[in-house]
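Let's walk through this structure together, one step at a time. Keep the picture open beside you as you read.

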Amino acid sequence: MSVSPVEIRDLTFSYNSADPVLSDFSLSLDVDERLVVTGANGCGKTTLLHLIMGLESLQSGTIEILGTPRETEADFMDARKHVGLLFQDVDNQLFSPTVFEDVAFGPLNLGHSPAESHDMAHETLEQLGLGDLTRRITYQLSHGQKRLVALATILAMKPEVLLLDEPTTGLDETHEARLTEILAGLPQSMLIVSHNQPFIERIGTRSLGL
């Protein structure tokens, strides 16, 4: 029996002792599944992704990633080797001077040698059809180009699970179609937050409302 990439049980979370944004929430992501989480603004969708990554502290409930309970910062640091998060605001993801440096940063941070990291960055950019952006200055890219490069920074680390927070926000038709095509061809299990109904229908294998 396959281990669930992400298993959440009875998760409750609130900010500053306010009413919970998540209350007794449970979720199980299947292998190879592209599960879309929907719901109104402020209902806890982004918070959920941040909790899975350990960017918010677990208050109540359990989170298992690839069959291992995650509680401490060390647990989540290990989990981040296997799970990639695409932030809703792409500028939170890109911080190096050039596209190539941004994409190579993740493998370097995981402990790969500079030569290995450079090879992984080149391979990922070429696979995504972004080789022509390799030497471009990141902040000079269009929003759509930045979104695709941000995805490349994650895929270069070869994660087993992808968390995508409103990945089509602000994209024009061309870049949304390209992003959808790329995601549809990837083997990773995905947990996707989105309001974009046409995108959900094209990419999702199951939906869950918050």
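A crossing of two helices is called left-handed if the near helix is turned anticlockwise from the far one by less than a right angle, and right-handed if it is turned clockwise. Keep that in mind, and remember too that this is a predicted model.

Begin with the overall layout. The domain assignment of the protein chain gives domain 1 as 1–82 + 160–209, while domain 2 covers 98–158.

Next, look at where the two domains touch. On one side, 15 residues of domain 1 take part, in contact with 14 residues of domain 2. The size of an interface is often given as the accessible area lost when the parts come together. For domain 1 and domain 2, the buried area is about 1,100 Å², and carbon and sulfur atoms give 70% of it. Which three residues supply more than any other three of the area that domain 1 buries against domain 2? They are H175, R178 and I182, with 33%.

You can find H175, R178 and I182 again in a pair of helices, where they belong to the α6 side of a contact with α5. Helix α5 spans residues 143–155 and helix α6 spans residues 173–184. They pack at an angle of about 15°, with their axes 9 Å apart. Angles under 35 degrees count as roughly parallel, so α5 is roughly parallel to α6. Using the definition you started with, the crossing of α5 and α6 is right-handed.

Now follow α5 to another partner, helix α3 (residues 99–109). The axes of α3 and α5 come within 7 Å and cross at roughly 30°, which means that α3 is roughly parallel to α5. Here V99, D102 and V103 in α3 meet V149, A152 and T153 in α5. Four of the contact residues are nonpolar, one is polar and one is charged.

Finally, turn to α3 and helix α4 (residues 114–127), whose axes come within 8 Å and cross at roughly 125°. These two helices are therefore oblique to each other, and their crossing is right-handed. Among the residues in this contact are V99, F100 and L108 of α3 and P114, M120 and L125 of α4. By class, the contact has ten nonpolar, three polar and no charged residues.

Terms used. Residues are numbered from 1 along each chain as its sequence is written. This is a predicted model: local features need pLDDT of at least 70, side-chain atom pairs count only at pLDDT 80 or more; totals for chains, interfaces and linings use all residues. Side-chain values use heavy atoms; hydrogens and water are left out. Axes are lines fitted to C-alpha atoms, for helices over the stretch in contact, and angles run from 0 to 180 degrees between N-to-C directions. Helices (H or I, at least four residues) and strands (E, at least two) are DSSP runs, numbered from the N terminus. Angles under 35 degrees count as roughly parallel, over 145 as roughly antiparallel, 65 to 115 as roughly perpendicular and the rest as oblique. Contact means heavy atoms within 4.5 Å. Domain bounds come from an automatic or database domain assignment. Buried area is the accessible area (1.4 Å probe) that two parts lose on being put together, summed over both. Ala, Val, Leu, Ile, Met, Phe, Trp, Tyr, Cys and Pro count as nonpolar, Asp, Glu, Lys and Arg as charged, and the others, Gly among them, as polar.
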